[in-house]
Every structure is written in C-alpha cells, then in structure tokens.
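Hi,

Here is the structure I promised to pass on.

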Amino acid sequence: MIPTRLVLARSSAVSGVSEWAASTWAALKPCQLHALQASSRLLSLGIQDHAKHREAPGKKPLSEKKLKRHFVDRRRVLVRGGSGGSGMSCFHSEPRKEFGGPDGGDGGNGGHIILRVDRQVKSLSSVLSRYQGFSGEDGGSKNCSGRGGAVLYIQVPMGTLVREGGEVVADLSHPGDEYIAALGGAGGKGNRFFLANDNRAPVTCTPGQPGQERVLYLELKTVAHAGMVGFPNAGKSSLLRAISNAKPAVASYPFTTLNPHVGIVHYEGHQQVAVADIPGIIRGAHQNKGLGLSFLRHIERCRFFLFVVDLSLPEPWTQIDDLKYELEKYEEGLSERSHVIVANKIDIPQARARLPQLQARLGQGVIALSALTGENLEQLLLHLKALHDAHMEAELEQGRQPLRW
C-alpha cells in the first residue's frame, strides 16, 4: 500500500508539471518536448504498474460470534480408507546377466483415517460428510516397494460419540483420544514375492486392496465438570460471564443461549474447573419440547450441577422440582448427582424477599447471589471448588483418571 503522503506528493508533482507545461509549452524546443513527454509517461506507467501488482487484502478471520452460529453436534460421515498400491511384475536387467530373476516390488499400503480429539475444536461444523484416505503407490523395479499412504486425521471436539448402525463404537472423551475410523487397504504383491523353487520366473503380481468403507454417525456431548441447569432467562449466561472469561450472548428475552458454552474458572495451584452453560430447559423437555432432547444430552457428561433459580418469579421453589423431574425423565439417576442451588437476581428487592421462603421450602442451603452486581459470587466459587475436589477424590478412588482442563 502506498503511503498517503507519497500519493499526495506524486499527485501534486504531476499537477505542478501539467500547469508548468501549459504555460511554457510553446517556449520549449522539440528535443525538450520529447524528454518531458517520456518522463511523464514513465511516471504514469510506474503508478499503474504498482496498482496492478498490489496484493489483494486477505480474508478477515471469522469472529467467535459468527463461529458459534454454526454449532453442529450431529454429523453423518462416510469414510473410505486409502487403496493399496499394485505390485510390480518385472525382471532384473543387467549386462552380461541373462537370467536376473524377478525384482518387482510390492505396492504400498493405503492410509488410515483416524478421528483425533482436538481441544481447540468446539463443534462438528468443521467435519465434512465424506473423507477419502490417501492411496499407496505402486511397486517399482529393483525390489522397490511403493510408498504407503499418509494417515488422514479428522479433528473432532472432546466428548464425541462415534456410532455405527446404532451401536457406540468409540467414546472420545479425553484429550488426545484417537479412533481408527477406516483402515487402509493392503498393498499388492510384486512378482518377486512369488519366487519359488518350482517357479523361478514368476510373472504374477496382485493389485492393491481397496480401503475400508464405513458410515459413521458422530454425536457431540459437551464435556465439563459442572453444568448450569435452569429455565430460560434465569441468568445462566450472565453468571458464566461473571465467573469466567466466556462471553455467551446475554439479552432480556428467553432462549438467548441456543448452543452450550463452556467457561473455565481458575483457582490457585493452576487448577481449572470447566462450567457449561446449557440452553434453557422448559417443562416437557424430555418429550422434545422447546430445544428438547437435542441439548438435554449435553448434561449427561457433567459431573455435578448448578441449579440456577430465578428469584424474581413467584414460587421459585417449583423450578427446582420441574428441573429435577425433566432430568430424571430423560435419564434415570441424573437428578441425584451432586448439585448446589443458586438463587439468582437478589439485586431485585422483591426477589430478595422470596429468599427465606425458598430456603424453608427446600430445606437445604441456597447460594443467593446476583450475577449482575457480583454480590456473593465468592461463596459460589468456594462451593464449586469443594464439589470439584470431591469429584476428583471419588474418581481416583475408583481407579479412573479424572477430567483435567
């Protein structure tokens, strides 16, 4: 790009030359006229050449907000492994060596297709519907085997279930997990492979085998330590923004959150707790009402829950009963997991007045806070840390590796 000052200087120089030429054009000699025309022509050509070879501006990267619009948690994928290379049929040729024998090499094996967990990938939107593995090269003369096909990796988010024909064949729920989606075909054999005592000059060679072909169904279930469960417009997204660096959309209408968001809460000693903001649940969600089953499955992977209650609504204790009922109907025992009840919006006077009634009805501790003003957020963070430590101890006692972020 040409600096502004340089462009202005060039434009002023050209205008100055034109004005000077208009006043003194008749006084110049023929040789001087030719020199002046040549210099002005070179200047104009130089500017045109620079504009012609100017690099086009690159595409701006998509913002996080636009990427979230393309959240995909289901995908049908056809995978086909690479085909093996064919074997070679040839004989050794060398001066003064009449019977060199067979020296055809084997073909290279086809490349596999492997699903690999990538923590930077948040949805299945980047996964294509069809993948073809790299084929192996054919064998060569002088017993040279063909190069094998490279492995094709498909990056998937953590928490991806792989199904085939209704059966779960893989659960990629930890960083770095891999699953071979399709095997590459075996390479063919060259005629050197068929050399035997009773066949000293074989001409047989075999072609490479085709790669494995499968139709897989990928399903994403968000993996997090804690899941925030509540009715629409209860303040879950505002609470996630208050305790982490996540930036989910916040508005004054229900169903603002249409995709699950995961925020990371940092503690001392480099400990991190992942908290998932699940889209709002309504009555009858287990019957696929509202957002329904499409997002209830994201709750399955959460180790414990944060039930977010809107204190500004009358009879807020009924929200807890309805939420537990929907979870239990979706999966038996889901509502019995460890949880803490969060009463939000105590910055509203009428909501603060309903807090004693809620505590009396539930008969257990309630964390009353305001995600808008930040009041009493410290108590929530302490309870969250206690639930996380208890979960880590339970996982270690059972001999399982706990989830770490």
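Below is what I found, going from the whole chain down to single residues.

A word on the ground rules: this is a predicted model, where local features need pLDDT of at least 70 and side-chain atom pairs count only at pLDDT 80 or more, while totals for chains, interfaces and linings use all residues. Residues are numbered from 1 along each chain as its sequence is written, and side-chain values use heavy atoms, with hydrogens and water left out.

The overall picture

The protein chain has nine helices and 14 strands. Of the 405 residues, 40% are buried (buried is under 20% relative accessible area, exposed is over 50%, and partly exposed is in between, with a 1.4 Å probe and protein chains only). Taking contacts (heavy atoms within 4.5 Å) between residues at least 6 apart in sequence, 72% join residues at least 24 apart.

Two crossing helices

Take a look at helix α4 (residues 236-243) and helix α9 (residues 377-397): their axes come within 11 Å and cross at roughly 85°. The axes are lines fitted to C-alpha atoms, for helices over the stretch in contact, with angles from 0 to 180 degrees between N-to-C directions. That makes the two helices, α4 and α9, roughly perpendicular (65 to 115 degrees; under 35 is roughly parallel, over 145 roughly antiparallel, and the rest oblique). On the α4 side you'll find Leu-239, Ala-242 and Ile-243, which meet Leu-377, Leu-380 and Leu-381 of α9. By class, this contact of α4 with α9 has six nonpolar residues, no polar and no charged ones. Here nonpolar is Ala, Val, Leu, Ile, Met, Phe, Trp, Tyr, Cys and Pro, charged is Asp, Glu, Lys and Arg, and polar is the others, Gly among them.

Not counting residues up to four places away in sequence, Leu-381 touches Ile-243, Val-265 and Tyr-267. Val-265 is 116 residues from Leu-381 in sequence, yet their C-alpha atoms are 8.4 Å apart.

Tyr-267 comes up again, with Lys-385 over its face at 6.0 Å from the ring centre. For a charge to sit over a ring, NZ of Lys or CZ of Arg has to be within 6 Å of the ring centre and within 35 degrees of the ring normal.

Lys-189 has its charged end over the ring of Phe-193, 5.0 Å from the centre.

Asp-322 sits in helix α6 (residues 317-330) and is buried, at 19% relative accessibility. Setting aside neighbours within four places in sequence, Asp-322 is in contact with Phe-231 and Arg-283.

Glu-375 is in the loop between β14 (366-368) and α9, and is partly exposed at 34%. With neighbours within four places left aside, Glu-375 contacts Ile-346, Arg-352, Leu-369 and Ser-370.

Finally, the loop between β3 (130-132) and β4 (152-156) holds Lys-142, and Asn-143 is in that loop too. Lys-142 has a positive phi of about 60° although it is not a glycine, and Asn-143 also has a positive phi of about 60°. Lys-142 is exposed at 64%, whereas Asn-143 is partly exposed at 41%.

Over to you!

Methods: Helices (H or I, at least four residues) and strands (E, at least two) are DSSP runs, numbered from the N terminus.
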